Amino acid sequence: MQALQYAQNVADLFALPEGYLRVKQLMDSDTASLDEVAEVILLDPVLTSKLLKLANSAIYNLPYQVESVSKALLVLGKTQVYNLVLSIGIASACSKVDTSAIDLERFWEQSVNAALIARFLAQSCGLKPSDRFYVAGLLHNIGEMVVLHHNAQQASQCQNYTSEELPWQLQQRVLGFTYAQCGAELLHLWQLPDSIVEPVALQHSHNFNQKNKAQLILHLAARLALANQHPEIYSTRQLVDPFVLELLELSQPDIIRAIDFCNTEGLFILSVLNPRISTIY
């Protein structure tokens with residue numbers, strides 16, 4: 001089976017909740033007001049609570065508390081709020097999957113770390129809106145959940161990567177495609193924008209182009225998150241191509257600051273998006 005077939009077979013299970021879809025429709029509308037968007041979000045108490053927690057996190061470093069959805073929309077803007085809503089909805093969709101065959105803690109830690117690193121690097125490069133990089137980072141490995149639901153044995157086997165065989169190389173050998181390719185197919189079925197889908201699909205490509213900075217940032221964020229997750233297997237110098245840093249005009253201190261940021265904020269974001277595993281710590 002191909003990556004698209006895997007994604008199509010789980011599309012119904014991985015459907016975003018109705019409330020999140022309604023928010024997306026309003027966000028896509030040119031006529032919807034901020035009040036209308038706030039009203040839909042407020043219908044879901046869990047979504048409202050998580051949104052306000054994230055809005056008040058150090059990711060945004062606001063000088064005051066955001067105490068209402070309306071204020072979050074006013075201060076952060078529709079795009080950033082939608083990206084937060086989307087990330088919460090994705091975590092909700094993933095909660096429907098039996099994850100006993102994989103290390104769930106590892107999956108979410110790596111996803112959140114890649115999200116925070118991608119956002120930090122995008123800001124360092126002056127790319128806006130930086131939130132789309134956060135979402136792309138969070139989703140960079142969503143294909144693992146697709147394969148897990150379809151074939152738990154294969155997903156378990158794909159965890160056995162080593163210093164000699166990188167995760168995406170092992171996925172290609174076992175599945176015939178990578179989690180990046182499979183995840184991008186699911187995101188396309190979800191009708192997410194190309195600005196998010198394409199970097200996910202191309203994150204392992206070595207056809208580097210300075211004009212495609214979104215791909216370069218996700219390529220870098222995925223590798224830094226992997227090294228941060230498995231320092232006993234990988235080092236950043238082993239995984240990071242210096243040419244990518246050159247194209248993005250980033251330095252080693254930038255990389256260190258990005259990793260420090262994800263290590264500082266990761267646990268809080270993890271506890272908001274997936275409280276199922278926050279009790280592990």
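**Entry 1: H13**

Which helices do the buried residues of H13 pack against? I'm working from a predicted model here, so read everything below that way. I listed the buried residues of H13 (residues 194-201) and got Ile 196, Val 197, Pro 199 and Val 200. Their packing partners are helix H8 (131-138), H12 and helix H14 (213-229).

**Entry 2: H9 and H12**

The axes of H9 (residues 143-150) and H12 (residues 179-189) come within 7 Å, and they cross at roughly 90°. The two helices are therefore roughly perpendicular to each other. On the H9 side, I find Gly 143, Glu 144, Val 146 and Val 147 making the contact, and on the H12 side Tyr 179, Cys 182, Gly 183 and Leu 186. Sorted by class, that contact has 5 nonpolar, 2 polar and 1 charged residues.

**Entry 3: cysteines**

Cys 182 sits in that contact, so I ran the disulfide search next, taking a pair of sulfur atoms within 2.5 Å as the cut-off. Over the whole structure the search finds 0 disulfides. For Cys 158, the nearest cysteine sulfur is that of Cys 182, and it is 11 Å away.

**Entry 4: the largest nonpolar core**

Which residues touch the most other members of the largest nonpolar core? That core has 110 residues, and the answer is Trp 108, Met 145 and Leu 220. Helix H7 (residues 104-124) gives this core its largest share, 12 residues.

I followed up on Leu 220. Skipping neighbours within four places in sequence, I get contacts with Leu 121, Val 240, Val 244, Leu 245, Leu 248, Leu 250 and Ile 255.

**Entry 5: Ala 114**

Staying with H7, I picked Ala 114, which lies in that helix. With 0% relative accessibility, Ala 114 counts as buried. What does Ala 114 touch, not counting residues up to four places away in sequence? The list is Gly 137, His 140, Ala 221 and Ala 225. I also checked Leu 224: it is 110 residues from Ala 114 along the chain, yet their C-alpha atoms are separated by 7.4 Å.

**Entry 6: H2 and H3**

Next pair. The axes of helix H2 (residues 18-28) and helix H3 (residues 34-42) come within 9 Å and cross at roughly 175°. That angle makes H2 roughly antiparallel to H3. H2 brings Gly 19, Arg 22, Val 23, Leu 26 and Met 27 to the contact, while H3 brings Glu 36, Val 37, Val 40 and Ile 41. The class count for H2 with H3 is 6 nonpolar, 1 polar and 2 charged residues.

**Entry 7: Lys 78**

Some of those names turn up again around Lys 78, a residue of helix H6 (residues 78-94). Setting aside neighbours within four places in sequence, Lys 78 is in contact with Leu 26, Met 27, Ser 29, Ala 32, Leu 34, Val 37 and Leu 73. Lys 78 is partly exposed, at a relative accessible area of 25%. From Lys 78 to Ser 95 is 17 residues in sequence and 26 Å in space, C-alpha to C-alpha.

Most residues other than glycine have a negative phi, and most peptide bonds are trans. I went looking for exceptions.

- The peptide bond from Lys 128 to Pro 129 is cis, and its omega is near -5°. Pro 129 is in the loop between H7 and H8.
- Asn 61 has a positive phi, near 50°. I place Asn 61 in the loop between helix H4 (45-55) and helix H5 (69-76), and with a relative accessible area of 64% Asn 61 is exposed.
- Gln 191 also has a positive phi, near 65°. The loop between H12 and H13 holds Gln 191, and at 59% relative accessibility Gln 191 counts as exposed.

Methods: Residues numbered from 1 in each chain as written. Predicted model: local features only at pLDDT ≥ 70, side-chain atom pairs only at ≥ 80, totals over all residues. Heavy atoms only, no water. Axes fitted to C-alpha atoms, helices over the stretch in contact; angles between N-to-C directions. Helix = DSSP H or I, 4+ residues; strand = E, 2+ residues; numbered from the N terminus. Parallel < 35°, antiparallel > 145°, perpendicular 65-115°, else oblique. Contact = heavy atoms within 4.5 Å. Nonpolar A, V, L, I, M, F, W, Y, C, P; charged D, E, K, R; others polar. Core = buried A, V, L, I, M, F, W, Y, C linked by side-chain atoms within 4.5 Å. Buried < 20%, exposed > 50% of the residue type's maximum accessible area, 1.4 Å probe, protein only.
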